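Please read this briefing beside the sequence and the model. The points are grouped by topic.

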Amino acid sequence: MTAARPRTVLLTGAAGGLGTLMRGLLPGYGYRLRLFDLRPVEGEPAAVTADLTDAAALREAVKGVDAIVHLAGISLEAPFEKILHSNIEGAYRLYEAAREEGVRRVVFASSNHAVGFTPRPADGGPLIPVDTPHRPDTYYGLSKSFGEDLAQLYWDLHGIETVSVRIGSCFPEPTSVRMLSLWLSPADGARLFHAALTAPDVGHTVAYGSSANTRLWWDLSTARALGYEPQDDSEPYADELIAKQGEPDPADPEHARLGGHFCTRPPIWPH
Ligand SMILES: NC(=O)c1ccc[n+]([C@@H]2O[C@H](COP(=O)([O-])OP(=O)(O)OC[C@H]3O[C@@H](n4cnc5c(N)ncnc54)[C@H](O)[C@@H]3O)[C@@H](O)[C@H]2O)c1
């Protein structure tokens with residue numbers, strides 16, 4: 001069955017870094033965005049300001065949308081109780097609202113940290129496959145593993161389709177040597193979300209989310225199978241970043257794993 005192209009999309013986490021980038025880029029693909037975040041979204045008075053665990057507010061926000069891009073949540077490490085609230089219960093509430101309101105497609109912002117303890121591939125070695133076992137590097141990464149399993153459950157049980165995008169690092173430019181492998185340019189991010197919103201018959205698909213980086217660590221084939229054609233590569237930033245930061249030593253535990261410093265000294269959510 002060919003999926004109808006979704007037009008109205010709920011964007012959760014719209015006030016965040018990635019949400020702000022996607023608010024700028026996704027309308028260019030023809031989407032009308034409805035915005036949702038715990039915090040007010042600057043310049044967007046119509047945005048819904050509510051917690052993901054506010055079931056009534058979430059159900060109202062979901063009513064009538066064609067699809068959901070779920071970015072809201074704690075995006076760094078935090079005490080388990082906070083992760084439980086925003087990322088685990090929050091994701092569950094989102095899927096319940098989707099089920100109750102008949103929304104058939106979700107794009108879930110998963111993360112490389114769902115598989116962060118996976119050893120990074122040797123130079124020229126095989127890329128990390130999408131079916132590598134979950135190896136979360138933090139409670140944060142654990143919540144992304146949970147989100148992927150939740151997406152699988154809601155597909156198997158309720159027929160709600162999801163693309164779980166294990167995002168690398170989506171920022172305007174790569175800012176570390178590690179990011180040379182994981183960088184997802186904002187323009188490629190929008191290309192990937194658009195592909196995830198429109199590809200037919202995705203069931204539950206897990207895809208790595210990065211640009212076509214020369215120093216890629218993972219296999220982009222499931223993303224490409226959705227119709228994603230990345231246009232960017234972090235390599236033009238490589239010389240300057242390596243000159244400043246040096247080549248990472250693969251024997252250093254911080255650089256030995258996909259999750260990088262999340263495996264050794266994870267950055268803590270500020271709020
Ligand atoms: N930016 C990246 O490179 C990257 C990489 C991997 C995964 N991700 C995932 O993508 C998503 C967006 O990332 P980001 O960098 O924009 O993060 P961010 O922290 O900038 O934004 C997250 C947003 O979620 C909102 N939020 C948090 N808890 C909430 C709750 N309980 N109810 C409602 N809203 C809530 C916050 O207010 C914030 O605006 C996150 O889920 C993150 O884990 C991002």
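Helix α6 covers residues 186–198, which makes 13 residues. From first C-alpha to last, α6 reaches 18 Å, close to the 18 Å expected at 1.5 Å a residue. The model is a predicted one.

**Helix α6**

- Most of α6 is covered, with 10 of its 13 residues buried.
- The buried residues of α6 include P186, D188, G189 and A190.
- Further along α6, L192, F193, H194, A195, A196 and L197 are also buried.
- An α-helix has 3.6 residues a turn, so residues three or four places apart point the same way.

**The ligand and its surroundings**

- The space that the ligand takes up is the largest pocket.
- There are 27 residues around the ligand, and L18, D37, S75, Y140 and C170 come nearest.
- At least two residues of the shell around the ligand are supplied by each of α1 (17–25), β5 (105–111) and α4 (139–158).
- Strand β5 gives the largest share of that shell, 3 residues.

- At L52, a backbone N or O atom lies 2.9 Å from a nitrogen atom of the ligand.
- At L71, a backbone N or O atom lies 2.8 Å from an oxygen atom of the ligand.
- At C170, one of the residues that come nearest to the ligand, a polar backbone atom is 2.7 Å from a ligand oxygen atom.
- The ligand taken alone exposes 820 Å², and the protein buries 92% of that area.

**V9 in strand β1**

- V9 is part of strand β1, which runs over residues 8–12.
- Is V9 buried or exposed? V9 has a relative accessible area of 1%, and because buried means under 20%, V9 counts as buried.
- V9 and G147 are 138 residues apart along the chain, and their C-alpha atoms are separated by 19 Å.

- S211 sits in the loop between β7 (204–209) and α7 (221–225).
- The relative accessible area of S211 is 0%, so S211 falls under the 20% cut-off and is buried.
- Which backbone atom does the side chain of S211 reach? The side chain of S211 comes to 3.0 Å from the backbone nitrogen of S185.

Definitions and conventions. Residues are numbered from 1 along each chain as its sequence is written. This is a predicted model: local features need pLDDT of at least 70, side-chain atom pairs count only at pLDDT 80 or more; totals for chains, interfaces and linings use all residues. Side-chain values use heavy atoms; hydrogens and water are left out. Helices (H or I, at least four residues) and strands (E, at least two) are DSSP runs, numbered from the N terminus. The expected span of a helix is 1.5 Å times one less than its number of residues. Buried means under 20% relative accessible area, exposed over 50%, partly exposed in between (1.4 Å probe, protein chains only). A residue is near a molecule or strand if one of its heavy atoms lies within 4 Å of it. A polar contact is a pair of N or O atoms within 3.5 Å; within protein, one must be able to donate a hydrogen and the other to accept it, and residues adjacent in sequence count only if both atoms are side-chain atoms. Accessible areas come from the Shrake-Rupley method with a 1.4 Å probe; for residues, only the protein chains shown count as cover. On a 1 Å grid over the protein atoms alone, a cavity is a set of points where a 1.4 Å probe fits but cannot get out, and a pocket is an open set with protein on both sides within 12 Å along at least five of seven lines; lining residues have an atom within 4 Å of a point. A molecule sits in a cavity or pocket if more than half of its atoms lie within 2 Å of its grid points.
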